[in-house]
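I opened the model to look up a few loops, a core and a tail. My notes follow in the order I made them.

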Amino acid sequence: MSDQALDTFSHLLIALQETKDSERIVKAVEEIVVTFNEMNEANGYFIETMEREELADFIDQAASLAGLDIGEDKDITEEWREC
């Protein structure tokens, strides 16, 4: 399930890379974070703290590569992340 969610997210960002549509990129970030929150809850909270941080870093970097200006040291996933 995790691989499928990340693949879908990556393909969407690749499609958005040409347009650099910030609103759609942020929406894609929100959707992937919410998806992982739901998977985590439904599967006995399998995502550990270190993994959560690595996922957030990956999502931030991918969104940045797609054209979203997130600035230095900013976590764009924080708004939707569950601890």
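I looked up tyrosine 45 and found it in the loop between H2 and H3. Helices here are DSSP runs of H or I with at least four residues, strands are runs of E with at least two, and both are numbered from the N terminus. The phi of tyrosine 45 is near 55 degrees, a positive value in a residue other than glycine.

I noted that this is a predicted model, in which local features need pLDDT of at least 70 and side-chain atom pairs count only at pLDDT 80 or more, while totals for chains, interfaces and linings use all residues. Residues are numbered from 1 along each chain as its sequence is written, and side-chain values use heavy atoms, with hydrogens and water left out.

I turned to lysine 20, in the loop between H1 and H2. Its phi is near 50 degrees, also positive in a residue other than glycine. Lysine 20 counts as partly exposed because its relative accessibility is 47% (buried is under 20% relative accessible area, exposed over 50%, partly exposed in between, with a 1.4 Å probe and protein chains only).

Next I checked the largest nonpolar core, which has 22 residues. Such a core is a set of buried Ala, Val, Leu, Ile, Met, Phe, Trp, Tyr and Cys residues joined through side-chain atoms within 4.5 Å. H1 (2–17), H2 (22–42) and H3 (49–65) each give two or more residues to this core, and H2 gives the most, with seven.

Last, I found aspartate 73 in the segment after H3. It counts as exposed because its relative accessibility is 82%.
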